[in-house]
Amino acid sequence: VQEYRQALAVEPNKIGGYVSLAAVLIHIGEPSEAVRYARHGLTLASAHPDLAQPLAFALLRDSKPADALSAAERAKGLGADEVNGLLITALARQGLGRAAEAKQDYARALVLAEKHTSTSPLRLLLLQQAASQLGP
């Protein structure tokens with residue numbers, strides 16, 4: 001984490017640094033910090049889907065499902081990864097008690113995921129979170 005922060009201090013306008021740092025912070029269980037860095041990155045590039053989606057997931061991990069749902073919808077409008085977006089949306093809806101809608105989103109995400117072989121770090125985190133929510 002410290003290395004990412006140092007890199008951003010040297011190159012504060014490098015959007016990829018904010019994307020990477022947000023993902024690491026989510027992974028190590030610091031979603032509030034991830035939200036802060038993703039939001040700051042979005043002030044530099046407001047239409048950047050690679051930052052909008054980690055923001056949505058960080059909000060979800062920070063127990064803010066309504067904010068996560070709004071951020072996921074915004075990321076979708078920016079052309080962000082559709083499978084990740086559906087997984088974030090499903091988890092947010094589940095957190096809001098909208099299980100039927102979440103189940104539809106999960107089903108759509110699985111159909112799309114089967115067609116794509118990409119397994120980004122964010123996708124792996126989302127799939128882990130989704131699996132834990134679905135239970136045995």
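Modeller: Let us begin with one pair. Helix 3 (residues 31-44) and helix 4 (residues 49-61) pack at an angle of about 155°, and their axes are 8 Å apart. Helices (H or I, at least four residues) are DSSP runs, numbered from the N terminus. Axes are lines fitted to C-alpha atoms over the stretch in contact, and angles run from 0 to 180 degrees between N-to-C directions. This is a predicted model: local features need pLDDT of at least 70, side-chain atom pairs count only at pLDDT 80 or more, and totals for chains, interfaces and linings use all residues. Residues are numbered from 1 along each chain as its sequence is written, and side-chain values use heavy atoms, with hydrogens and water left out.

Colleague: How are helix 3 and helix 4 oriented to each other, parallel or antiparallel?

Modeller: Angles under 35 degrees count as roughly parallel, over 145 as roughly antiparallel, 65 to 115 as roughly perpendicular and the rest as oblique. Helix 3 and helix 4 are therefore roughly antiparallel. Their contact (heavy atoms within 4.5 Å) is made by residues including Ala34, Val35 and Leu42 of helix 3 and Leu51, Leu55 and Leu59 of helix 4.

Colleague: Which classes of residue form the contact of helix 3 with helix 4?

Modeller: Ala, Val, Leu, Ile, Met, Phe, Trp, Tyr, Cys and Pro count as nonpolar, Asp, Glu, Lys and Arg as charged, and the others, Gly among them, as polar. The contact of helix 3 with helix 4 has 10 nonpolar residues, one polar and two charged.

Colleague: At what angle do helix 1 and helix 2 cross?

Modeller: The axes of helix 1 (residues 2-10) and helix 2 (residues 15-27) cross at roughly 160° and come within 10 Å. Helix 1 and helix 2 are therefore roughly antiparallel to each other. Tyr4, Arg5 and Leu8 of helix 1 take part in the contact, with Leu21 and Val24 among the residues from helix 2. The contact residues of helix 1 with helix 2 comprise six nonpolar, two polar and one charged.

Colleague: What of helix 4 and helix 6: are they parallel or antiparallel?

Modeller: The axes of helix 4 and helix 6 (residues 82-95) cross at roughly 20° and come within 10 Å. Helix 4 and helix 6 are therefore roughly parallel. Phe57 and Leu60 of helix 4 are among the contact residues, as are Ile88 and Leu91 of helix 6. By class, the contact of helix 4 with helix 6 has six nonpolar, three polar and no charged residues.

Definitions and conventions. Helix = DSSP H or I, 4+ residues; strand = E, 2+ residues; numbered from the N terminus.
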